[in-house]
Structures are given as structure tokens and as C-alpha cells.
Amino acid sequence: MRKPLTGSLSALALASSGILGAPAVHAEDYSRFGISADIPGTCSYEAIDAKDYSGRTLNIITHAIPVIGEPTALHAEQFAELTGAEVNVVHVPFGDLFQRIMIPFQSGQNAYDVLFYGSLWIGDFNRFLEPVPETYLNSTGMADVTDSFRGVATWNGQMIQYPMDGDRHYLKYRTDAFENDALRVRFQAETGRELAVPATWEEYNEIARFFSGFDWDGDGEINYGSAEVAKRDDLMFSAFISRAAPYAKHPDVTGGFFFDLETMEPLINTPGFVRGLELFVEAQEAFPPGGTNFGLGDEIFSFGGGQTLMSYSWDDAFVQAQQEDSRIRNMVGAAPLPGAREVWNRDTGQWDRFDEPNRAPYMTWGWSSAVSALSEEKEMAFDYLCFFANEANTSHDLQIGRFGVNPYRNSHFDSAFWQSLGWEAQVADSYVNTLSQMEQSDNRVYDLRVPGVGQFMSSMANGVAEAMAGQKSAQDALDGVADEWRAIVDRIGKDRLRDAYANVVRLEDNTHQDGSP
């Protein structure tokens with residue numbers, strides 16, 4: 001039974017096409033949904049079309065349009081037409097999303113069946129979520145999810161979030177500038193070394209300073225070296241983690257990155273984090289005007305619009321640069337986050353020297369989804385999520401930067417797919433190789449996914465902001481953060497936090513729940 005498909009989101013879907021993987025030929029033509037063809041799978045269009053949920057209602061809460069909110073609504077309309085269900089979607093700004101989900105949970109209200117939210121909130125939400133049933137764990141789409149993003153969806157050995165996005169931080173840079181002979185000669189004359197993609201954050205800062213304050217790409221506008229998310233209340237904590245990680249995440253030291261797991265003593269003010277913050281403060285010399293107050297949107301359009309040489313954060317800035325109307329399309333490259341040649345060893349209390357820079361890929365928080373344990377429509381809810389993330393829909397969504405869906409399956413690291421969108425081979429190769437290498441690292445950093453994570457990150461952001469503004473030294477600022485973290489631990493409870501943090505440490509230490517590798 002079907003309902004008419006109406007609304008602007010449906011028109012958007014019909015205007016987009018493109019599929020990752022080999023399409024199958026079906027008797028039913030599903031191209032009206034904006035896909036070039038259905039792809040066979042557990043929750044393909046054909047499979048969901050066979051479901052009948054007429055007379056039943058599904059309630060979904062999600063982020064505001066466009067990021068995640070737009071594909072949520074688009075696939076809800078499609079699901080309604082295919083199954084006959086009534087699907088209601090509530091869009092909420094990010095700043096209100098946590099409380100809009102948590103308050104009904106705490107009061108025992110069955111407000112929403114399906115939830116879309118930041119994956120780092122799993123520490124607060126886990127006890128209210130329905131485990132993913134075996135049917136969906138064995139689905140075709142789930143089988144292709146990378147190990148790291150299966151881990152992000154897992155709590156105490158059980159998958160309770162439904163993977164539909166993959167996020168990580170990596171370096172983006174302008175290849176045209178790095179390959180410019182005149183700029184290379186000038187850089188060597190001024191610095192005494194050859195211009196190359198930065199391998200450490202010290203090199204990043206040096207290169208960014210060199211490329212600040214003149215029109216190095218000849219478009220008549222002044223260029224700058226680095227666009228970074230430096231606004232306190234706009235994800236600046238994630239930028240700081242990227243910079244601190246290689247100095248604080250020693251490959252031979254286990255048992256915690258943010259805390260010592262055994263004692264739950266904060267590590268945020270140890271020398272590795274302090275070094276990362278000192279370099280973050282120094283980096284402001286190469287920011288564009290107003291760059292000290294850049295949020296994520298500013299970073300996206302500063303790099304993606306051609307103002308700056310380099311940036312690092314989520315995929316959005318890179319995808320923005322690769323839009324069809326971008327003046328810098330196919331003049332960008334991706335690379336791992338810069339590393340560190342000196343890494344703090346908290347076991348020995350000394351700096352260890354590395355000939356090859358230590359890399360600590362940051363598998364940062366992104367979007368996730370789940371089904372409420374209170375839902376009375378769990379089967380329909382999981383069918384919707386499985387349909388949202390089916391092979392055809394994901395391939396479609398990856399192509400639309402504002403949707404906020406980034407690679408999270410092994411098949412997404414296929415250079416040929418990105419080349420089919422007009423990306424030149426070297427751009428596509430740098431992108432997929434960078435992302436796939438992060439999946440293979442044994443020294444990754446994950447977010448602090450524990451109860452009260454918002455309190456911990458807000459405290460961190462405030463301390464970092466004090467150092468960035470010159471109000472405190474890096475050490476003094478992070479000492480203050482450590483004191484606040486100890487107070488938060490006391491309020492929430494050390495044992496409760498340790499149990500939650502153990503899930504993060506297992507991911508970072510590459511161990512199973514029983515402690516085995």
C-alpha cells in the first residue's frame with residue numbers, strides 16, 4: 001500500500017542520481033525516488049516495498065535540516081510511500097537535541113521510535129536504547145560497515161546504535177599551491193627546507209605562516225595558511241583533540257587517553273596535551289581575519305572556497321571544495337593528520353623521540369541512530385533505519401555534502417565511485433587512501449563517550465579558549481580543566497564513569513571486552 005510522495009525533499013531526490021556498486025535489474029522501477037536503480041540487499045527498495053505498515057505510525061527525532069535532518073525526512077517520505085506507514089519527523093537544532101531526547105527517556109515517555117544524534121552521547125543514552133536485532137546485524141549493509149564504526153555503535157559488547165555515517169578528522173590541503181614551482185623555491189629560501197605536506201603539527205604551523213597574507217593563487221584576494229574550528233562553543237574541542245592526539249597518545253602506552261582508566265585521574269593537563277595546546281595557540285598567526293572565532297561552517301567555506309591553504313576536521317570542507325561549481329575543484333588533496341616526533345610517555349614520565357612521526361588518527365564523533373527501548377514499533381523502526389542505510393540510499397547521500405553522511409563502509413573506499421562524480425584520480429585516491437589508512441591504524445583516538453560528556457567537553461573548550469585568548473598559559477588553562485574534570489567525576493561517580501570509559505579504551509587499545517587483543 002502506498003501513499004503519494006510529495007514535498008520539496010522528494011523533488012530534490014528526483015534531481016539526484018548515482019549509485020555505488022553494480023545495480024540490479026528489477027521488475028519495479030524505483031528511479032522516481034532519485035536513485036538510478038535499486039541495489040539488491042536486505043533492506044533494498046524492493047524488500048521494503050514488500051512490507052505493509054499501513055495504519056501504523058513511526059515517530060522520528062533528528063537534527064535540523066539540512067545536515068542529517070534532510071536525508072532523514074527524504075527517506076521517511078520514501079518509506080511511507082513504500083510501506084503505507086505514517087511517518088512523523090521532528091527536526092531539532094543541535095543545541096537542543098540532547099535534552100529533547102533525554103528528557104522523555106528520563107520520564108519514561110515513549111516519545112520517539114527512531115533517534116538520530118551525536119554518537120558521543122552513547123554514554124548517556126545507552127540504557128535507553130534497544131539492541132540491534134540479529135536480523136539486522138546479519139544484513140548486507142551491516143556486513144560492509146568498517147570495524148571502527150561497528151565499534152562506535154557498540155556498548156559493552158552489544159551493538160545498540162545503527163551505523164549510518166562515518167566521521168574522522170584528516171588534513172585537507174591545496175595541491176596547486178604545494179606543487180607551484182615559484183612558491184616551492186620561495187619557501188625553501190625562507191625556511192631552509194623543501195615544501196611538502198606537513199608530517200608534524202610544527203611543520204603545519206610553519207607552512208601555514210608562510211602562506212598567510214598574500215595572494216598566492218592569483219585570484220586577486222589575500223590568502224591565508226589555515227582555517228580551524230576555533231570558536232569555543234562550536235566544536236573547538238574536537239579541533240584541539242586532533243592537535244593534541246599525536247603528542248599524548250603513545251603507541252606503547254595503554255589504559256586511557258583522557259583519563260587513566262584504573263584511577264580515573266584526568267590526563268588532560270599532562271605534557272602531551274599541553275604541547276598540543278601551545279601549538280594551537282601559535283597557529284592563530286596564520287588564521288584569516290576573524291579566524292579565531294571560526295565555527296565549523298566558517299572552516300568549511302574558508303578552505304572549500306579557496307581562502308586558505310589547509311584545514312582539518314570532518315569531510316565537509318573537502319566535499320565543498322569538490323562541488324561542481326567550486327573554483328578549486330580537483331586542486332585539493334587529503335592526507336593523514338600531522339603527527340609528532342616527540343610523544344609523552346606517561347608510564348615513564350618522559351618524552352620519547354620518534355624518527356617517523358607518531359600518528360594518532362582521530363575517529364571523531366559523528367552522527368548515529370538508534371531505536372528507543374520504549375518503542376512499540378521496534379520492527380518498523382529498525383526497518384526504517386535499515387532502509388535509510390541501504391546500499392542505494394547511502395550511495396545517493398554520500399554525494400550531497402550538506403546531508404552529512406560520510407563514508408563508513410569498506411565499499412565507500414572505492415576511488416572509481418568518486419571519480420565517477422568528476423573527481424580526478426589523484427584527488428579521489430588521496431581521499432579514499434587517507435580514510436582507509438585510518439581504519440588500519442592501531443593508535444586511534446576516540447571521543448570521550450561517557451555519561452556527562454557534554455560537561456567534560458564544555459570544560460575543555462573553556463580552558464582551551466582561555467589559552468587561545470592569552471588569558472592563561474596552556475599549562476595553567478589545562479590545570480584548571482583537570483580540576484573541573486575531577487569535580488565532574490565526583491558528581492557522576494568514579495565507578496560509573498570507569499565502566500563507561502572502558503568501552504572507549506577497548507577501542508583505542510584494540511582489545512575485546514575480556515581484555516584480549
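Me: How do the axes of H20 and H21 cross, and at what angle?
Reply: This is a predicted model. In it, the axes of helix H20 (residues 453-468) and helix H21 (residues 474-492) come within 8 Å, crossing at roughly 165°.

Me: So are they roughly parallel or roughly antiparallel?
Reply: Angles over 145 degrees count as roughly antiparallel, and H20 and H21 are therefore roughly antiparallel to each other.

Me: And is the crossing left-handed or right-handed?
Reply: Right-handed, for H20 and H21.

Me: Which residues meet there?
Reply: From H20, Phe-456, Met-460 and Ala-467 are among them, and the H21 side includes Val-481, Trp-485 and Ile-488. By class, the contact of H20 with H21 has 11 nonpolar, three polar and two charged residues.

Me: OK, switching to the sheet. What's the strand order in the open sheet of four strands?
Reply: The order is S2-S1-S3-S13, and the pairing is mixed.

Me: Which strands stand at the edges?
Reply: Strand S2 (86-92) and strand S13 (367-371). Each has a single partner strand, so one side of each lacks a neighbour in the sheet.

Me: How much are neighbouring strands turned against each other?
Reply: By 20° on average, direction ignored.

Me: What about S1 and S3, parallel or antiparallel?
Reply: Strand S1 (residues 57-63) and strand S3 (residues 114-118) run parallel, joined by two bridges. Ile-60 stands opposite Val-114 in S3.

Me: Last one: which strands does H3 touch?
Reply: Helix H3 (residues 69-83) packs on the sheet and touches S1, S2 and S3. The direction of H3 makes about 175° with that of S2.

Note on methods
Residues are numbered from 1 along each chain as its sequence is written. This is a predicted model: local features need pLDDT of at least 70, side-chain atom pairs count only at pLDDT 80 or more; totals for chains, interfaces and linings use all residues. Side-chain values use heavy atoms; hydrogens and water are left out. Axes are lines fitted to C-alpha atoms, for helices over the stretch in contact, and angles run from 0 to 180 degrees between N-to-C directions. Angles under 35 degrees count as roughly parallel, over 145 as roughly antiparallel, 65 to 115 as roughly perpendicular and the rest as oblique. A crossing is left-handed if the near helix is turned anticlockwise from the far one by less than a right angle, and right-handed if clockwise. Contact means heavy atoms within 4.5 Å. Ala, Val, Leu, Ile, Met, Phe, Trp, Tyr, Cys and Pro count as nonpolar, Asp, Glu, Lys and Arg as charged, and the others, Gly among them, as polar. Two strands pair if DSSP finds at least two bridges between them.
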